[in-house]
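Dear colleague,

Please find below the structure that I promised to pass on to you. My notes on it follow.

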Amino acid sequence: MQIRGQGFSMRIGYGWDSHEFKRGIPLKIGGVEIAHDKGLGGHSDGDVLLHAITDALLGAVAAPDIGTLFSPSDSRWKGADSAVFLAEALRRVKSAGYKIVNVDSTLVLAAPKIGPHAAAIRESVSHLTAVPPDCIGIKAKTPEGMGTDNAAIAHVVVLLEMVSSPKTRKSNKKQRS
Ligand SMILES: [Zn+2]
């Protein structure tokens, strides 16, 4: 691993999110609409996976979290496409001088089964993040013994690699030891 300036050239980020299932709204996971009798409630489109990916990316570059950048009390984000939040996180990753190496995720939900949709979700996340599909993990588990059968939970980790020194760090170069 290369060490540049005062820090490592790689960053890790972790994101977590949960939303409650509600009847009468579409279910969107990873930007894919999945046929189901309930969708995920929330101020935006409730896309639990895109929210966790967004927070993982923001965390990796020590940016404010998704709830701070896109306040649920702000009417601009009512029913918003969560791809908008992800795009802002990607912009911040790029301006910090990093690119995504890989994304891994675990969804925890009782239903619907994610297996039949995993390939479509992987393709969608690949399209939204410009990361190759073979660098995106989409895993799912049922919430055994957790009592969260009416919720969808997403855990995400991302690895970032420095591709260019951001302008604000150039002054640190002379401090290399
Ligand atoms: Zn969320």
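What percentage of the residues of the chain count as buried? Of its 177 residues, 36% do, where buried stands for 20 or more other C-beta atoms, placed from the backbone, within 10 Å of a residue's own. Please note that this is a predicted model, in which local features need pLDDT of at least 70 and side-chain atom pairs count only at pLDDT 80 or more, while totals for chains, interfaces and linings use all residues. Residues are numbered from 1 along each chain as its sequence is written.

The chain contains four helices and nine strands, taken as DSSP runs (helices H or I, at least four residues; strands E, at least two) and numbered from the N terminus. Their order along the sequence is β-β-β-β-β-β-α-α-α-β-α-β-β.

Because 13 of its 13 residues are buried, H1 is largely enclosed by the rest of the structure. Just after H1, Ala62 adopts a positive phi of about 55 degrees.

Leaving aside neighbours within four places in sequence, Val93 is in contact (C-beta atoms, placed from the backbone, within 7 Å) with Leu57, Val61, Tyr98, Ile100 and Leu160.

Yours sincerely

Technical notes. A residue is buried if 20 or more other C-beta atoms lie within 10 Å of its own, exposed if 12 or fewer, and partly exposed in between; C-beta atoms are placed from the backbone. Two residues are in contact if their C-beta atoms, placed from the backbone, lie within 7 Å.
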